[in-house]
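Open the model in your viewer and keep the sequence panel beside it. The tour goes from the whole chain down to one residue.

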Amino acid sequence: MRTLYLFVTNTLSDWEPGYILAELRSGRYLKDPAQKYNVVLCGRTMEPVTTMGGIRMVPEVLIGDIRPVPDDVLVLPGADTWLDPSQERVIAKVRELLTKGTVIAAICGATLGLANAGLLDNRPHTSNDPAALKMFCPHYRGEHYYVNEPAVTDDNLITASGLAPVEFAYHVFRKLDVMTPAALEAWHGLFTTRKPEFFYTLMGSLSTDR
């Protein structure tokens, strides 16, 4: 089974990785439901954390110890802690995994952590706002690579605005190639327009021998 590593930290924005978790864990719309993902919570320490919504989560493994293989993904949700010096070890691990080709998906506050570490200086990316990156990330030098879109994929790095969890998930599913093109577009259409025809298209896109 493939693995989705979810980085958990205090004040984690509960809603941002929700679509990704639901679809990759359940496998309900995947090309092959047998390839659904196992979710592993990883943390900077093994201490429990409390999300922004008050949910207590306990890491199962240290992020420094994870060893992703091809088709695994590391999801970095937003939080208020990404610019804390204590996250430097986490950023170092992300840098290592990016170099090795692991798919990294960062949204909202996580993009600030990457920006401040210089990881967005030379590649297309997005975030909540370019001015916010300049304001909160004194070491950020990637403004010329900023793309004013809800989510951006550049090779194995996906970045997204905190206001775009659906687009964030869409880019992850597309990068991992887990849905058929028809299912992926119908899924995106359903969750962005809420029109019932996309639901029926989504159901019709699923193979009858799944």
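How many positive and negative side chains does the protein have, and how far apart do the centres of the two sets lie? Select them by charge: there are 20 positive and 24 negative side chains. The two centres lie 3 Å apart. Keep in mind that this is a predicted model.

**Whole chain**

Switch to the C-alpha trace. Along its principal axes it spans about 50 × 35 × 35 Å. The radius of gyration is 17 Å, which agrees with the value near 17 Å for a compact globule of 210 residues.

Now colour by secondary structure.

Colour by burial next: 50% of the 210 residues count as buried.

Take the contacts with a separation of 6 or more: residues 24 or more positions apart account for 61% of them.

**One residue**

Select residues 157–160, which form strand β9. Pick Thr 159 within that strand. Is Thr 159 buried or exposed? Its relative accessible area is 0%, so Thr 159 is buried.

Show its side chain and find Thr 126. The side chain of Thr 159 reaches the backbone nitrogen of Thr 126 at 2.9 Å.

Finally, display the surroundings, leaving aside neighbours within four places in sequence. Thr 159 is in contact with Ala 106, Thr 111, Leu 120, His 125 and Thr 126, and also with Pro 150, Ala 151 and Val 152.

Methods:
Residues numbered from 1 in each chain as written. Predicted model: local features only at pLDDT ≥ 70, side-chain atom pairs only at ≥ 80, totals over all residues. Heavy atoms only, no water. Helix = DSSP H or I, 4+ residues; strand = E, 2+ residues; numbered from the N terminus. Buried < 20%, exposed > 50% of the residue type's maximum accessible area, 1.4 Å probe, protein only. Polar contact = N/O pair within 3.5 Å; in protein donor to acceptor, adjacent residues only side chain to side chain. Contact = heavy atoms within 4.5 Å. Rg over C-alpha atoms; globule rule 2.2 N^0.38 Å. Lys, Arg positive; Asp, Glu negative; His and termini not counted. Charge placed at Lys NZ, Arg CZ, Asp CG, Glu CD.
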